[in-house]
Amino acid sequence: MSQFLAPVKLSLGYKVTWGIAALGTSLISGIYGALLPIFYQDYLGLAAKWIATASFIYAIWNAVNDPLFGYLTDSTRSRWGRRIPYMRFTAPFLALTFILVWFAPPKAGHEALFWWMLVSMLLYDTCYTIIGLAYSALLPEISESDSERNGLQISASLFGLLGMILGFLIPDFFRPKAGAELSFLPLQISMIIVAVVSMVLILITTFRVKERPEFTRVDNPIPLSAAIRFTFTSKSFLILVSQNFMSILMQSLILGMMFYLADYVLQMPTILILLCVFIPLILGVPVTSILRNRFGVVGAQQLLLTVAGLGLVAIAFVPNPLILLCLVAAGFGLSGPQTLTNVLFGQVADEDELRSGVRREGAFFGVNALITKPAQSVALALIPTILEATNFVTREANNGQIFLNQPGSALFGIKALMGLIPGLALLLGAILLNWYPLRGEYLEKVKTELLELHARKQAQLAQN
């Protein structure tokens, strides 16, 4: 059995191929998060109450579909594995539903726009949820080593950040600009191309990555009631998911407010803001390995959350020329939630496997989404609500032209949504991790017992 008592090691080529899928999913999700609020409120003129209503319904559906698909993937047994089939066969539908989001009929009236936004959002999110859950759940299964998982996640993060950058640049290049007539055709054509490219990237990963057979052919699915009990009695999971809620709220607000900050507060090209955030973020991703070795996974996460939180809070109070420096600090700190969160979820799944006897990443990522995805809806509702309350003047209300002379209250509302609120959320998340138990000697004990358990499963697989 001793030959099995070592974590699986992965080649560089494998890690690169793993990250390609993240490029596809982040390209789509980056565009969706950055463009959706300004597209429906500022360009199409949909009132805040309609967007907030759609966000509320969207949150309810998310509360149902994420744990459902998480449990479903954990329980699936097929010759392709538990996760790969869902990624492979859902990718074309993700492309199609993403395209539909941007074909809302202009000047159709608030009710028609509301229904188009709502239905297309629900269809898109269902497909994205299936692929995202399967992809996230695969990572901890591939290797028991936090180092190897960190390597996979670094690859996914770097490709994901590239996709997120393109997710800002592509719509920024094709969206209607100040002084231009509102024509959506160039934007819609670019969205079709993005959807097809993203689908192909996801499919490439599904044909290279293979699942470990012991988790499909040896593990037996546990009943739903037991799965719920094991999930909600995990202290490690409950603390981690609380912190992750704050990170998702932060991410959703920043994505939704980037164009507002560029257009109205700093009045500069969006690409300059992107560079200030994403260059230090990209540089910070490989640094997470150094910090992980020095402080452990959870200690590195807390440190980087604090750096990002302080940088974001400062945006609301410093003079405009210093905002870019604040974004640099925030960008470096955001490498933590970008890279280390899924490694922490892998630790949670390891601890749970010792309790339940089976690997159940799908359940944890599903319930995580149940708890954290409402943060996206909170952000989507907060943005138009706070902007309206601070007297923000939309393009639609200004005859389709950008209104640069916004009142001071509206400018502060933008800075609060971009910096103050998400920054405080990250600082609270760092504090919550003080109670995360998987560290030090206890974590080492879990890792040792996990390798022994996997050795027994591999021996049982060889006997079948």
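Gln460 is partly exposed, with a relative accessible area of 39%, where buried means under 20%, exposed means over 50% and partly exposed lies in between, using a 1.4 Å probe and protein chains only. Helices here are DSSP runs of H or I with at least four residues, numbered from the N terminus.

This is a predicted model, in which local features need pLDDT of at least 70 and side-chain atom pairs count only at pLDDT 80 or more, while totals for chains, interfaces and linings use all residues. Residues are numbered from 1 along each chain as its sequence is written, and side-chain values use heavy atoms, with hydrogens and water left out.

**A buried threonine**
- Thr205, in helix H6 (residues 185–208), is buried, with a relative accessible area of 2%.
- Leaving aside neighbours within four places in sequence, Thr205 is in contact (heavy atoms within 4.5 Å) with Thr17, Trp18, Ile20 and Ala21.

**Helix H8**
- In helix H8 (residues 224–232), the buried residues are Ala226, Ala227, Phe230 and Thr231.
- These residues lie on the same side of H8, because they cover an arc of only 130 degrees around the axis, the arc being that of the directions from the helix axis to the C-beta atoms.
- The cover over the buried residues of H8 includes helices H2 (48–75), H9 (235–265), H13 (341–356) and H14 (361–372).

**Nonpolar cores**
- A nonpolar core is a set of buried Ala, Val, Leu, Ile, Met, Phe, Trp, Tyr and Cys residues joined through side-chain atoms within 4.5 Å.
- The largest such core has 133 residues, and those with the most contacts inside it are Phe98 and Trp102.
- H9 gives the most to this core, with 19 residues.
- Apart from this core lies another, of 5 residues, among them Ile222, Ala226, Ala227 and Val358.

**Helices H3 and H4**
- Helix H3 (residues 84–101) and helix H4 (residues 110–142) pack at an angle of about 155 degrees, with their axes 8 Å apart; axes are lines fitted to C-alpha atoms, for helices over the stretch in contact, and angles run from 0 to 180 degrees between N-to-C directions.
- That angle makes H3 roughly antiparallel to H4, since angles over 145 degrees count as roughly antiparallel, under 35 as roughly parallel, 65 to 115 as roughly perpendicular and the rest as oblique.
- Residues making the contact include Phe93 and Phe98 of H3 and Trp116 and Tyr124 of H4.

Technical notes:
Helices (H or I, at least four residues) and strands (E, at least two) are DSSP runs, numbered from the N terminus.
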